[in-house]
Amino acid sequence: MNRRTLLKTAGLLPIAAAPGLITSPALARKLLTRFAYIGDTHITAQLKPMEAIARCLHHAQDQADKPTFMLHGGDVIMDALAQDRDKVTKQWTAWHEVVKADNSLPVEYCIGNHDVWGYENAKNDPLYGKKWAVDQMQISGRYRSFDRNGWHFIMLDSVQPTPEGKWYTGHIDPEQMAWLKQDLAVTDSKTPVLVLSHIPIVSATVFYDKANVKNGNWQIPGSWNHTDAVDLIGLFYQYPNVRACLSGHMHLLDRVEYNGVTYFCNGAVSGNWWNGDTYHETKAGYALFDLYDDGSIERTYLPYA
Ligand SMILES: [Zn+2]
């Protein structure tokens with residue numbers, strides 16, 4: 001069975017219009033839910049990011065058609081990687097303070113590179129690495145999946161340390177890949193799937209920097225785009241119900257259609273890491289996503305300033 005046949009079987013293709021008849025697939029589909037994607041909040045204990053994030057959260061909750069929950073795409077805090085315990089504690093405390101005061105929606109988190117505690121002197125600390133972030137986010141593990149409003153959500157852990165441990169690249173480890181294959185295999189083929197990874201799996205944003213053309217060739221850093229993109233694209237191709245992959249990390253906005261999957265990179269709440277509200281051409285903002293029963297998905301990106 002090819003992808004198109006599968007999509008038809010799963011009811012994921014728009015109904016073909018009879019000749020001469022004007023029909024809109026949009027009329028036939030039913031909105032299942034709307035959620036807000038917020039990401040790259042990079043909070044510190046300073047007033048400017050705390051106030052701006054509060055404004056962003058209210059902007060989302062004040063929508064006439066209010067989102068029912070939030071997905072956080074990672075990089076909740078400014079940086080834990082090279083910071084000592086006290087500095088990291090202050091950032092998480094600032095985050096919880098803002099969420100408690102200014103957000104009433106459930107939040108589902110995905111781990112970003114800056115949420116990982118990689119401080120050299122903390123190597124033997126039980127909170128070292130991703131443990132601290134998992135605790136703060138109150139998630140069941142560094143990767144997971146859940147069902148909500150007729151869709152299946154997969155939250156990946158895309159941040160993997162390099163062998164020397166000082167840096168990271170974007171991919172999923174063998175244990176997580178085995179879990180992902182199993183998770184897709186046991187998900188009902190009629191249930192649309194949304195994948196969230198902090199680092200993009202496929203993204204046009206990686207072409208923003210001319211400095212990465214070296215000797216006439218593009219050299220895309222492995223920390224910008226999943227280095228296992230070929231494996232993931234191949235895996236998703238076997239499951240036509242995989243409809244969308246969302247990411248942050250680049251602080252830039254794009255939308256790429258590839259093999260029936262839509263890849264959305266979703267800007268950043270912090271814009272240029274709080275040094276101005278625009279990073280290249282992308283304004284600081286968040287996104288509203290509408291999920292439909294036919295597996296379609298729509299995004300509206302909203303600068304909140
Ligand atoms: Zn970031």
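Colleague: How are the donor residues of the zinc ion spaced in sequence?

Modeller: The spacing reads D-x1-H-x32-D-x175-H. This is a predicted model, where local features need pLDDT of at least 70, side-chain atom pairs count only at pLDDT 80 or more, and totals for chains, interfaces and linings use all residues. Residues are numbered from 1 along each chain as its sequence is written, and side-chain values use heavy atoms, with hydrogens and water left out.

Colleague: Which residues coordinate the zinc ion?

Modeller: Asp40 (OD), His42 (NE2), Asp75 (OD) and His251 (NE2), at 2.0 to 2.5 Å. Donors here are N, O and S atoms within 2.8 Å of the metal (3.2 Å for Na, K and Ca), and water is not among the atoms, so sites may look incomplete.

Colleague: Where in the chain are Asp40 and His251?

Modeller: Asp40 is in the loop between strand E1 (31-38) and helix H3 (47-61). His251 sits in the loop between strand E11 (242-247) and strand E12 (253-258), 211 residues apart from Asp40. Helices (H or I, at least four residues) and strands (E, at least two) are DSSP runs, numbered from the N terminus.

Colleague: Are Asp40 and His251 buried or exposed?

Modeller: Both are buried, meaning under 20% relative accessible area, with exposed over 50% and partly exposed in between (1.4 Å probe, protein chains only).
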